[in-house]
Structures are given as structure tokens and as C-alpha cells.
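Let's take a walk through this structure together. Have the sequence and the 3D view ready as you read.

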Amino acid sequence: MRFDSPAPHRRLISLTPLIDVVFILLVFFMLASSLVKWQAIELGAPASATAGTPVVGSWLVRVQPEGLDLNAEAIAPAELAGRVAARIGEDPAQRILVQPAPGVSLQRLVDVLDLLRDAGATHLTLLRL
């Protein structure tokens, strides 16, 4: 006895479910992502980068890992904001130099820059070591 097997049956794979899944993923990622820079910090190069830029009368804020220094004097963040706001009220062109110490996280530096900006400081200079 011999059984003949029927001719091999070819089954076509449908791509419709695959296209549906890709489309759903595309829609999900489009809705879940944001292309807007919602917390951007504007940093610009100085108009003239000369070594002879006067710093007389500028305040120096050092950002340490454990605290803040204003002109080599330890200060609390709330007190710094108050003193800067008072000084900016007297002299709106007051320059403030901000120098982060080694090991300070970028988030901590941004928090201090936000604090100074909220206190009214507009002439901020970021120093590097």
C-alpha cells in the first residue's frame, strides 16, 4: 500500500498584522515623545573674549559640592538669593561670576543658575577652573 501525499501546500504569510503593529508603535512613540526643549538654558559666547575683561566689582559665587560661597564667605541658598536681589535692586548691571568646584554635578550648577536668575541677575558669567 502506498499513500500519496498531496502536493505541498504553500501558505502565504500575510504582512498585514506586521504593518498594523509597526503603525501602532509609530503612533505610540509619536505621542509619547516631545520634541520641544522645555527646560533649555541659553548660553552664549561673549561678544569679545578678551583676557582684559574687567571683573572689578563683580561678585564671585563658588558652587561647592556641600554648599555655596559668596566672595569667599559661606552662604545659604536663600540668603544668597536675598542678597543678590537686594544688590540687583541697587545696581541692575551687577555682574556675578559663577565658578563650579570640581566634582559639582551639572544639576547642582543649573539649580544655582536658576536661583540667581530668579533673584533678578542678568549678567552671569560661568567660570571654569
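## An aromatic pair

Rings of Phe, Tyr and Trp count as a pair if their centres lie within 6.5 Å, and planes over 60 degrees apart make the pair edge-to-face. With that in hand, note that this is a predicted model, and that it holds 1 aromatic pair. The partners are F28 and F29: their ring centres are 5.2 Å apart and their planes stand at 70°, so the pair is edge-to-face. Are these two residues buried or exposed? Both F28 and F29 are exposed.

## The chain at a glance

The chain has 3 helices and 5 strands. Read from the N terminus, these elements follow the order α-β-β-β-α-β-α-β. Of the 129 residues in the chain, 22% are buried.

The accessible surface of the chain is about 10,500 Å², and carbon and sulfur atoms account for 63% of this area. If you look at contacts between residues at least 6 apart in sequence, 71% of them link residues at least 24 apart.

## Helix α1

Helix α1 covers residues 16-32. How many of the residues of α1 are buried? The count is 0, and the helix is hardly covered.

## Strand β1 and its partners

β1 pairs with β4 in the parallel sense, over 5 bridges. Within that pairing, L60 has L97 of β4 as its bridge partner.

β1 also pairs with β2, here in the antiparallel sense and over 3 bridges. In this case V61 is opposite L70 of β2. A hairpin of 4 residues connects β1 to β2.

In soluble globular proteins, nonpolar side chains tend to be buried together. Here, the largest nonpolar core has 20 residues, and those touching the most other members are V63, L80, V84, I96, V98 and L116. Two or more residues of this core come from each of β1 (59-63), β2 (68-70), α2 (77-90), β4 (95-100) and α3 (106-118).

Which residues does L116 contact, leaving aside neighbours within four places in sequence? They are L80, V84, I96, V98, A121 and L124.

Note on methods
Residues are numbered from 1 along each chain as its sequence is written. This is a predicted model: local features need pLDDT of at least 70, side-chain atom pairs count only at pLDDT 80 or more; totals for chains, interfaces and linings use all residues. Side-chain values use heavy atoms; hydrogens and water are left out. The expected span of a helix is 1.5 Å times one less than its number of residues. Buried means under 20% relative accessible area, exposed over 50%, partly exposed in between (1.4 Å probe, protein chains only). A nonpolar core is a set of buried Ala, Val, Leu, Ile, Met, Phe, Trp, Tyr and Cys residues joined through side-chain atoms within 4.5 Å. Contact means heavy atoms within 4.5 Å. Two strands pair if DSSP finds at least two bridges between them. Rings of Phe, Tyr and Trp (its six-membered ring) pair if their centres lie within 6.5 Å; planes under 30 degrees apart count as stacked, over 60 as edge-to-face and the rest as tilted. Accessible areas come from the Shrake-Rupley method with a 1.4 Å probe; for residues, only the protein chains shown count as cover.
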